[in-house]
Amino acid sequence: MYSLTEENYLKALFNISNGSGEVNVAELSKTLDIKMPTVTSMMKKLSEKKLVHYESYKPLRLTEKGRKEAGLIIRKHRLTEMFLVDKMKMGWEDVHDIAEQIEHIQSPVFFDKMDELLGYPKVDPHGSPIPDKNGKIVWIEYNKLSDCKVGETVKLAAVINTSSDFLKFLNAREMRLGLKIKIKSIEQFDKSIVVSYGKRQKEVLSNVVCERLLVEKEN
């Protein structure tokens, strides 16, 4: 059993490091918007619980135990988001804050049942992989839309930024996961891309947007 604050630190460490890399205290402090002395104090506490490898002036790294616990927290969050979208028909832009609260429930059977009702999904509504019952996660390699070439047809597989404002931006342009997108042209000056999909034949997407869209290339 860990406190809500401890779980939030573990989740942040996991997300910043992509599960197994190193993170410095300053980066974690900036991500959580918490002062560095407070972050350092928590890292010492988590180190005592064998969740984090901590040494003064050296990068932080989750232990095997820490990775598992963080993966399980993320599993609960992403399963909840999927349940809210798939079963409760909520918009993908409205589920993050609710999942932030539910992820701290300490009942594995509750989330296992949720997983079963959903048919054991591999990804959440935003395309992010859902860790398994042991907290292990299979990372999926996608391409950024910004790296694609003119003439290619790709499928929208995930979004990097899941803020409500960004998802509403995509909603307004009828963009959703699974959407097939054709690259029509790329502006050399600012790298904005003209694409076509569905009934939209000439949609202009800025480089900022394209950097946040992950796609699978069609064979």
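The second largest pocket of this predicted model holds about 310 Å³ of space. A pocket here is an open set of points on a 1 Å grid over the protein atoms alone, where a 1.4 Å probe fits, with protein on both sides within 12 Å along at least five of seven lines. Grid points are joined across faces, edges and corners, and a volume is the space filled by probe spheres set on the points.

**The second largest pocket**
- Its lining, meaning residues with an atom within 4 Å of a point, counts 15 residues, with L72, K76, Q106, S107 and P108 closest to the centre.
- Helix α4 gives the largest share of this lining, 5 residues, and α6 (108-118) also supplies at least two.
- Helices are DSSP runs of H or I with at least four residues, strands are runs of E with at least two, and both are numbered from the N terminus.
- By class, the lining has 7 nonpolar, 2 polar and 6 charged residues.
- Ala, Val, Leu, Ile, Met, Phe, Trp, Tyr, Cys and Pro count as nonpolar, Asp, Glu, Lys and Arg as charged, and the others, Gly among them, as polar.

**The largest pocket**
- About 900 Å³ of space lies in the largest pocket.
- Among its 27 lining residues, N15, R78, S128, I160 and T162 lie nearest the centre.
- α1 provides the largest share of that lining, 5 residues.
- The lining comprises 12 nonpolar, 10 polar and 5 charged residues.

**Reading the model**
- Residues are numbered from 1 along each chain as its sequence is written, and side-chain values use heavy atoms, leaving out hydrogens and water.
- Local features need pLDDT of at least 70 and side-chain atom pairs count only at pLDDT 80 or more, while totals for chains, interfaces and linings use all residues.
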